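My entries are below, in the order I looked things up.

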Amino acid sequence: MKYKILKIIFIFFLLTQKTFALVSVDITRGNLDPLPIAISNFYLDTTITENIKKLSIENKIPELIQNNLTRSGLFFALEKKSFIQKPDIAHNRPRFEDWAFIKSQVLVTGKISLEKEGRLKVEFKLWDIVSATELSALAFYTSPDNWRRVSHLISDKIYERLTGEKGYFDSRIIYVAETGPKVDRKKRLAVMDQDGYGVKYLTLGNELVLTPRFSPTSQFVTYMSYYKNLPRVYLLNIETGIQDLVGDFPGMTFAPRFSPDGKKIIMSFAQDGNSDIYTMDIKTRIVEKLTDHPSIDTSPSYSPDGLQIAFNSDRSGFQQIYIMKSDGSNVKRISFGEGLYGTPVWSPRGDLIAFTKLYKNKFYIGVMRSDGSGERLLTENYYQEAPSWAPNGRVLIFYRETPSDVTGKGGGAKLWSIDLTGYNERLILTETDASDPSWSGLLSVK
Amino acid sequence: MLLNKLNKIILALTVTLFLGACATQQKATTTPTDDAYTGTETVKYLADGVPDRVFFATNKSDLTSAASATLAKQAAYLKANPNLNVVLEGHADERGTREYNLALGERRATAAKNYLISNGIAANRIKVISYGKEKPANPASNALAWSQNRRAVTVKTN
């Protein structure tokens, strides 16, 4: 229902802009009917030097945009071979009949020029072929080696204009890179662009690291490390590499996440066989205990308005999902289906909670409303867990493990993404095995 | 303990009632409660006749009678060697979410620690660490391996 409303708002928005678009993507239906889109190569104007020509970014930028849009499952990119018009002429003003002829409904064109002090100007235009109008035009200024970032920003603009929702391409994913045999797994923190490019390893693998999570507001990451064999929660600035022990309690601290304003870390603290949920203010280091129950209370996750917390508890005898107010009051169980429920993660939109479910020896990634109603299972497998939301709340990333044989071989962990609709399940390629993914917010709003 | 027993009774009742009521529909079975490992594979020894580990049923942290017997031997051994300190490493099998398993490993290791304390070992001689599902003893993905991995291992620290 909510999406219907959004779509109405979207159309209204277009009307007021006087450029009524006949095309729009219905994001409630997943990839059943992707929108045919033509993404022309960009063209280099006469200011471009030989050195920059060698980068062939006039082809690489549209290619990256195309990869982003098709991976979303909402778009179908037409073969470049079928394009009749040249990039420069099309960018100036396309002959709409030519593009309609190849069944394109939207067209992306672009131009790259060199500005003062070696800065690139990358401009793109989005054309509605059906109504023969220009939908949007924007220019980005950047250094030539930053062309990937610009491609992601353009992808977000196109996605936004055509779906009426924020994009998620200009974002990163932090995860745990895994190597080595199962009984002696080496785990390192790694960060990459959301499309899997540009991986950087942040720890060396000397100690076990688990469950990294991005701050929604900065380049900080919180994670758990077994440094000096003391399992504790740490804070890491991924720009400077500076680490800071934050969960220095007399026992194990684990399952950390940030509050939506990035000012607090919420985590579990286990002592004497009991795990409870605590918050710590990063600046003042003031600690607050939120749950006080002899059961296991873990995997806390704030609602985006910061007023509520979803968490995992076995106080009923088995693992279930609960919510409470952010001061720890009003604890309420919300999962009542058959099986066990874990890893609740609140959507950045606030309406849904993603979770892992174990039922009859299978693992599911699913979503439910924050009152526990409307449970929907998106994917079933041998083992999968730890969903994390894309910044626009449309896509979930998680990890999946395959079983190993009697010698312990054959098993492994990989990152996967799936659309909220349950369609468009995709493997995200990583150099090594990978687990515990966490999606950043949009980089551009930092 | 009482809660666990109650749960078992409720579960048994539910299953019985359900089977009685409707034979075609399958009720979701919770994980079995009697699947603690009883063999000696993967077991090491702190000393002759003193096994280093105890095993747990799925999702459980209460000690089985076999686990109590093993811990009683460990307690006697630690009493006889008063300068020896230990760390209890708690583990879970791979069929559970990572964070819950970390908590479960801690609960299991603490259950073993408490048994040693109640058998006269000073609390300051025993440390606890949970590895969750991170360090399986048997890397296979089958019921036997999982039962061997649901464990608390007593490791000498000096």
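**Entry 1: a strand pair.** I began with Val176(A), which stands opposite Ser435(A) in β30(A). I then looked up the two strands around this pair. Strand β7 (residues 172-179) of chain A is joined to β30(A) by five bridges, and the two run antiparallel. My rule for pairing: two strands pair if DSSP finds at least two bridges between them. My rule for elements: helices (H or I, at least four residues) and strands (E, at least two) are DSSP runs, numbered from the N terminus. I also checked how covered β30(A) is. Strand β30 spans residues 433-439 of chain A, and seven of its seven residues are buried. Buried means under 20% relative accessible area, exposed means over 50%, and partly exposed lies in between (1.4 Å probe, protein chains only).

**Entry 2: ground rules.** I noted that this is a predicted model, where local features need pLDDT of at least 70 and side-chain atom pairs count only at pLDDT 80 or more, while totals for chains, interfaces and linings use all residues. Residues are numbered from 1 along each chain as its sequence is written, chains are lettered from A and ligands numbered from 1 in the order in which they are written, and side-chain values use heavy atoms, with hydrogens and water left out.

**Entry 3: an open sheet.** I looked for a sheet in chain A and found an open one of four strands. Its order is β22-β23-β24-β25 (chain A), with antiparallel pairing. Which strands stand at the edges? They are β22 (340-346) and β25 (376-381) of chain A. Each has a single partner strand, so one side of each is left without a neighbour in the sheet. Neighbouring strands of this sheet are turned by 20° against each other on average, direction ignored. For such angles, axes are lines fitted to C-alpha atoms (for helices over the stretch in contact), and angles run from 0 to 180 degrees between N-to-C directions. Next I took one pair from the sheet. Strand β23 (residues 352-359) and strand β24 (residues 362-369), both of chain A, are joined by eight bridges and run antiparallel. Leu352(A) has Arg369(A) as its bridge partner in β24(A).

**Entry 4: salt bridges in chain A.** My rule: a salt bridge is a side-chain nitrogen of Lys or Arg within 4 Å of a carboxyl oxygen of Asp or Glu. I found 30 of them over all chains. In one, Glu375(A) meets Lys357(A), with the closest N and O atoms 3.0 Å apart. Glu375(A) sits in the loop between β24 and β25 of chain A, and Lys357(A) in strand β23 of chain A, 18 residues apart. Are these two buried or partly exposed? Glu375(A) has 31% relative accessibility, so it counts as partly exposed. Lys357(A) has 6%, so it counts as buried.

I looked up another pair. Asp419(A) and Arg394(A) form a salt bridge (3.2 Å, N to O). Asp419(A) is in strand β28 (residues 412-419) of chain A, and Arg394(A) is in the loop between β26 and β27 (395-402) of chain A, 25 residues apart. Asp419(A) is buried at 4% relative accessible area. Arg394(A) is buried at 2%.

**Entry 5: chain B.** I counted four helices and six strands in chain B. From the N terminus on, they run α-β-β-β-α-β-α-β-α-β. Chain B has 158 residues, and buried ones make up 51%. I then picked helix α3 (residues 98-118) of chain B. Its 21 residues reach 30 Å from first C-alpha to last, close to the 30 Å expected at 1.5 Å a residue. The expected span is 1.5 Å times one less than the number of residues. In α3(B), 17 of the 21 residues are buried, so the helix is largely enclosed by the rest of the structure. Just after α3(B), Gly120(B) takes a positive phi of about 95°.

**Entry 6: where the chains meet.** I found 52 residues of chain A in contact with 32 residues of chain B. Contact means heavy atoms within 4.5 Å. The two chains bury about 3,500 Å² between them, 53% of it on carbon and sulfur atoms. Buried area is the accessible area (1.4 Å probe) that two parts lose on being put together, summed over both. How many salt bridges cross the interface of chain A and chain B? The rule finds six. One salt bridge pairs Asp436(A) with Arg98(B) (2.9 Å, N to O). Another salt bridge pairs Lys133(B) with Glu385(A) (3.4 Å, N to O). Lys133(B) is in the loop between β5 (126-132) and α4 (143-149) of chain B, and Glu385(A) is in strand β26 (residues 383-389) of chain A. Both Lys133(B) and Glu385(A) are buried.
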